[in-house]
Amino acid sequence: MSAGENGGRNQKPGTLVRRAALRDGVSRPVVTPIQPSVVYASPSIATLHSQYEGRTHGYTYAREGHPNADLLARKIDMLEGAEGGMILGSGMAAVSATILGILGQGDHIVGGNQLYGRSLRLMHQDLARFGIATSVADPTDVAAIRAALRPETRMILVEVISNPTLRVADMAGIIDLAREVGVIVAVDNTFTTPLAYRPLVAGADITIHSVTKLLAGHSDVTLGYVAARDPAHMRAIYDFAVTVGMTPAPNECWLAERGLYTFPLRFEKAQANAAGLADWLAAHPKVGRVLYPGRSDHPDHAVAAALTKGAFGTMVSFELADTTEAAADRMVQGAPDLPFAPTLGDVGTILSHSASSSHRGLTPEGRAALGISDGFFRVSVGIEELDLLIGDFDAGLAAV
Ligand SMILES: *Cc1c(COP(=O)(O)O)cnc(C)c1O
């Protein structure tokens, strides 16, 4: 086709697939752009060599890393006092990549006995298939953790605050024990958040988050984060996660970044609400028992105060005086403005019933041993005005 025909060669329909740069100007966007590109073009083979060898920074393929994930990871690194952490597609991806990236055949891991449900499933069902032996023990009792150690133990995985009874692990005892015997301590810091506790700063080796919860904070994105003190551990986790494809999507990272900007404000407000709600519930005649680490009647109040320097968190649990499921159901239905859902960390307050959700896999006796009756609720406290919240609980309890 000559230049004269149809206005020239740029009119060839195939030209459409030639990508062009966005128009530049003297101003710049204030908000982080979303970079959806899966592939990144390098200018030469020599440059590509230097990228793969780590001599030059340049993205290659989004499963291996992309700018929106990196930006989010650097912000969480800053909160955690970490370096080089990574974002994964979910909190469970972060837990799984930590264990499967570092441990192998013949190794043994000790987990907390009240870990998040899917982490417990890894302990009880999945890891054995990969030749990794597991034990669970009570992390509030360092002697119990010590008793669970074996010569081949390589990792201890704990959560600082347990679900749903909000027991507080003896972190200082566990970290000292792990140093003594040369075992890695991995901490799922989701409930505590770096505003209450910073595992790496406290001497643990690995910190893990379900970013889905408080960090992103709006229940509209599923993501995880992990950072390790030892670059060799971080490399092992990264390589495993990239190989099995636990990669986060750029859009999700962008949403989580947006949520993260208000995280300290949300945390402060929700925590103040949690303290107020716990005290109000404790004085209510239809409530049998309240669990909040900030209250002096909590079994781990002193441990929590020392560990978190007074940041007792945003979770409150309570048990109705009537511990039947029928009474609990009247509570749920009497407070329709409180979403009844099995999650936490949302801007709004959320009511969960452990016996029918997170702990439904246990027998009634197994739940009783943990102190979870059919009248037991966990509350993820949000940022509403406290009197609004108390009105909802008042209505729910009136229906019981
Ligand atoms: C929710 C949660 C997880 C899992 O996170 P996902 O993002 O849902 O995969 C792990 N640990 C704790 C403590 C959690 O609350």
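**A note on the ligand site and salt bridges**

1. By class, five nonpolar, six polar and three charged residues make up the shell around the ligand. Here Ala, Val, Leu, Ile, Met, Phe, Trp, Tyr, Cys and Pro count as nonpolar, Asp, Glu, Lys and Arg as charged, and the others, Gly among them, as polar.

2. Before going on, note that this is a predicted model, where local features need pLDDT of at least 70, side-chain atom pairs count only at pLDDT 80 or more, and totals for chains, interfaces and linings use all residues. Residues are numbered from 1 along each chain as its sequence is written, and side-chain values use heavy atoms, leaving out hydrogens and water.

3. The whole structure holds eleven salt bridges (a side-chain nitrogen of Lys or Arg within 4 Å of a carboxyl oxygen of Asp or Glu). One of them joins Arg74 and Asp77, with the closest N and O atoms 2.9 Å apart. Asp77 is buried, at 4% relative accessible area, while Arg74 is partly exposed, at 37% (buried means under 20%, exposed over 50%, partly exposed in between, with a 1.4 Å probe and protein chains only).

4. Glu53 and Arg55 form another salt bridge, at 2.6 Å between the closest N and O atoms. Glu53 is exposed, at 52%, and Arg55 is exposed too, at 58%.
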